[in-house]
Amino acid sequence: MSVLPMKRVFIAALKKDRKYILENLQRLGVVEINADAVKDIFTGKDGEADTLFKQTDTSSARTTFEKNANLAAQALAVLDREVPVKSGMMDSFAGRNKMSGSEYESLVNKRDEIMDVVYNLNNLNKIKAEAEAEIPKLLNQREMLAPWLGFDLPLDYKGTKHTKAFIGTFPTAYDQSALQLAFAEKAPNVQKVDISIISSNEEQTCVLIVCHNTEAKETEDALRALSFARPSLPGLVPAEQEKSIAKDLAKQEELIASSTKKIAELAPKRSEITFIVDYFTMRADKYGVIGGLFQSKRVFCITGYIPERDIKALDTAISSKFDCVVEYSNPSDEEDVPVKLSNNAYATPIEGVVSGYALPGKGEVDPTFIASIFYYGLYGLMLSDAAYGLIMVFATLFVLTKFKGRLEDGTKRMMQMFLGCGIGTTIWGFIFGSFFGDVIPKFTETFFGKAVNLPYLLDPIKDPVTLLGIAFIIGIVHLMCGLGIALYTNLKQGKITEAIFDVICWYLFFGGLLGLLLTTEMIQNMFKFSINFPQTVVTVFAICALVGAAGILIMGGRESTNPLKRFLKGLYALYGISGYLSDVLSYSRLLALGLATGVISQVFNTIAVMPGGNLFGLIFFIVIFVVGHTINILINALGAYVHTNRLEYVEFFGKFYNGGGKEFVPFAQNTKYFTVNENNK
């Protein structure tokens with residue numbers, strides 16, 4: 001287990017080589033650039049900046065590149081929606097495409113041509129979207145026009161020289177007599193008026209009302225009182241409007257069809273568009289870095305952090321190819337150096353679990369290896385079915401083999417982690433004799449008349465107390481290992497007092513109390529063992545507990561100078577033993593989840609064999625078996641993952657680990673679709 005040692009790197013090179021050096025750094029991905037450190041170098045003690053080396057404002061160029069990347073992503077989304085690529089569930093594991101350096105340069109030279117395709121796709125999508133938005137409007141107009149189709153005058157007809165025409169609707173259903181009566185009530189003095197109903201339904205009545213000019217004002221007031229409204233339609237004859245709408249609908253549908261066809265014709269350009277998304281994303285990242293560099297007319301400078309093991313790779317990529325100065329130095333104690341973990345193949349998959357909690361802080365050890373020793377076993381004990389474990393093993397091995405060399409690092413580590421969890425589950429499953437629960441004896445007894453039982457070392461359902469004891473033993477060992485790492489860390493940092501009174505005293509106190517508990521009749525009866533401890537051993541346990549308690553009581557509040565406060569803080573520290581006991585009890589979840597998996601399996605198996613050993617019973621068995629165990633493995637595999645992490649984070653890390661380290665984030669190819677392999681020309 002280790003945190004990679006970091007070096008500070010300083011690079012000074014000719015400005016004419018800036019593009020190529022930054023591209024090499026980006027592809028190499030081993031340097032985290034620290035612009036603030038460069039600023040410190042070129043800023044005097046009085047805070048005034050160097051007049052020779054200055055920073056360049058690259059925000060405009062970076063905005064342009066980000067805009068191009070967004071436009072390309074939008075074009076790609078158009079293709080994905082209109083011409084989706086058929087992909088299976090396993091394709092998500094394929095990772096990014098690998099591209100040779102020559103392929104990369106070829107596509108870079110075509111970037112303007114590809115952007116033309118991007119603009120074209122986005123424009124076609126805009127045309128199609130506008131046409132799709134126009135169709136509901138036209139349909140709505142046609143629907144509004146339907147009640148007027150029998151009317152042969154323009155809807156904006158105003159009347160003649162001596163008459164005034166009102167064309168519109170009432171929000172109520174009227175027949176001829178009812179409408180005339182309602183109008184007469186509102187305009188009793190109007191005599192020269194003609195009311196014609198064009199159409200009428202439950203929602204509205206469409207009318208043409210003509211009156212003499214001398215009575216137009218009174219007529220209009222009466223109509224307003226009856227909630228009369230003029231139609232919000234163009235002033236054409238309705239039949240002509242309908243023809244115009246039909247033409248517009250046909251035109252919009254043609255635009256949609258032609259745009260869709262043209263978009264489909266551009267589908268072969270999908271891979272080039274994915275490239276351009278990543279290309280401009282990389283350029284935006286690069287110009288973000290350039291904006292933080294200090295540059296003179298002919299020279300630019302970079303400083304940052306690099307893992308010590310990658311120095312040779314950087315020298316090969318930069319120093320041997322360009323006229324530049326590359327210097328390495330040790331970071332100062334005050335620097336917040338980024339953290340990168342390095343572990344063996346067994347422990348590396350658990351790095352994601354550790355970083356999910358926190359990376360090691362300054363002076364802390366990397367807990368990944370010790371955590372991995374327990375992780376697979378804890379997970380396996382909670383899932384504890386050999387068949388489930390083998391399914392996980394073969395599934396993860398299939399992915400790791402099929403996509404070898406293409407899996408992203410994070411996905412690969414996750415698959416390796418679940419491979420280890422599957423192995424742990426398989427081992428515990430055979431210890432408990434659980435293979436899809438008790439499906440083998442139930443199936444053989446139902447369909448062959450004789451039960452076949454798997455051999456086992458422990459049946460957790462019949463003997464849960466023994467499993468509880470095993471869970472407590474694992475928990476105690478786990479916690480003591482956590483204290484051991486705390487002891488190692490304190491000794492490494494020269495904190496002898498902390499090592500003695502914050503760790504060794506707890507070892508003595510907790511170990512002594514545990515030994516005394518083992519001598520009690522209650523514990524021995526509970527866990528079905530009988531050991532007659534000699535009185536000397538009991539005395540040793542008691543002395544250890546007393547010595548440890550005394551050390552904690554006296555030194556637990558050592559930072560206080562006031563004797564009373566010191567005593568009270570020591571007493572409170574001694575009360576921390578309750579935390580240790582509750583931590584040990586937390587490991588009972590190993591029993592609970594292990595039993596849950598087995599019991600649920602047995603329930604599904606019992607239901608599956610209920611119809612008996614006939615043909616229908618076999619079909620019923622297969623259906624319940626597949627559905628039930630699929631549900632069981634999904635639920636309990638997730639539960640085992642959550643609770644294993646909890647035991648690591650809360651009980652284990654809580655004894656020694658604070659975290660707080662800053663992740664090492666190198667200047668690299670933050671691409672989504674491809675990576676450049678310089679070794680493949």
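This report describes helix packing, nonpolar cores, cysteines and selected loop residues in a predicted model.

## Helix packing

Helix H15, which covers residues 439–448, and helix H23, which covers residues 615–652, have axes that come within 12 Å and cross at roughly 170°. An angle over 145 degrees counts as roughly antiparallel, and H15 and H23 are therefore roughly antiparallel to each other. On the H15 side the contact involves Val 439, Phe 443 and Phe 447, which meet Gly 617, Leu 618, Phe 621 and Phe 625 of H23. Sorted by class, the contact of H15 with H23 holds 6 nonpolar residues and 1 polar residue, with no charged residues.

Helix H19 (residues 535–555) packs against helix H20 (residues 563–574) at an angle of about 135°, and their axes are 6 Å apart. H19 and H20 are therefore oblique to each other. The residues of H19 that make this contact are Ala 549, Ile 552, Leu 553, Ile 554 and Met 555, while H20 contributes Arg 566, Phe 567, Gly 570, Leu 571, Ala 573 and Leu 574. By class, the contact of H19 with H20 comprises 9 nonpolar, 1 polar and 1 charged residues.

## Nonpolar cores

In soluble globular proteins, nonpolar side chains tend to be buried together. In this model the largest nonpolar core has 64 residues, and the residues with the most contacts inside that core are Phe 509 and Leu 590. When neighbours within four places in sequence are left aside, Leu 590 is in contact with Leu 378, Leu 381, Met 382, Ala 471, Ile 474 and Leu 647. Apart from this core lies another, of 53 residues, which includes Ala 13, Leu 121, Ile 276 and Leu 314.

Leu 508 lies in helix H17, which spans residues 496–518, and at 27% relative accessibility Leu 508 counts as partly exposed. Not counting residues up to four places away in sequence, Leu 508 touches Cys 544, Ala 545, Val 547 and Gly 548. The C-alpha atoms of Leu 508 and Asp 248 are separated by 89 Å, the two residues being 260 residues apart along the chain.

A disulfide is a covalent bond between the sulfur atoms of two cysteines. With a cut-off of 2.5 Å between cysteine sulfur atoms, the count for this model comes to 0 disulfides. Cys 206 illustrates the point, because the closest cysteine sulfur to its own, in Cys 211, is 19 Å away and too far for a bond. Cys 206 counts as buried, with a relative accessibility of 0%.

Cys 481 is likewise in no disulfide, and the nearest cysteine sulfur, that of Cys 421, is 18 Å away. At 29% relative accessibility, Cys 481 counts as partly exposed.

## Buried residues in loops

Asn 34 is found in the loop between strand S3 (32–33) and helix H2 (35–41), and Asn 34 is buried, with a relative accessible area of 18%. Once neighbours within four places in sequence are set aside, Asn 34 is in contact with Thr 303, Gly 304 and Tyr 305.

Gly 292 has its place in the loop between helix H9 (270–290) and strand S9 (294–295), where its relative accessible area of 11% counts as buried. Not counting residues up to four places away in sequence, Gly 292 touches Ala 35 and Gln 55. Although Gly 292 and Phe 65 are 227 residues apart along the chain, their C-alpha atoms are separated by 17 Å.

Most residues other than glycine have a negative phi, and most peptide bonds are trans. Ser 227 is not a glycine, yet Ser 227 has a positive phi of about 65°. Ser 227 is found in the loop between helix H7 (216–225) and helix H8 (238–265), and with a relative accessible area of 43% Ser 227 is partly exposed.

Phe 436 also has a positive phi, in this case near 55°, in a residue other than glycine. Phe 436 lies in the loop that runs between helix H14 (409–432) and H15. At 16% relative accessibility, Phe 436 counts as buried.

Key:
Residues numbered from 1 in each chain as written. Predicted model: local features only at pLDDT ≥ 70, side-chain atom pairs only at ≥ 80, totals over all residues. Heavy atoms only, no water. Axes fitted to C-alpha atoms, helices over the stretch in contact; angles between N-to-C directions. Helix = DSSP H or I, 4+ residues; strand = E, 2+ residues; numbered from the N terminus. Parallel < 35°, antiparallel > 145°, perpendicular 65-115°, else oblique. Contact = heavy atoms within 4.5 Å. Nonpolar A, V, L, I, M, F, W, Y, C, P; charged D, E, K, R; others polar. Buried < 20%, exposed > 50% of the residue type's maximum accessible area, 1.4 Å probe, protein only. Core = buried A, V, L, I, M, F, W, Y, C linked by side-chain atoms within 4.5 Å.
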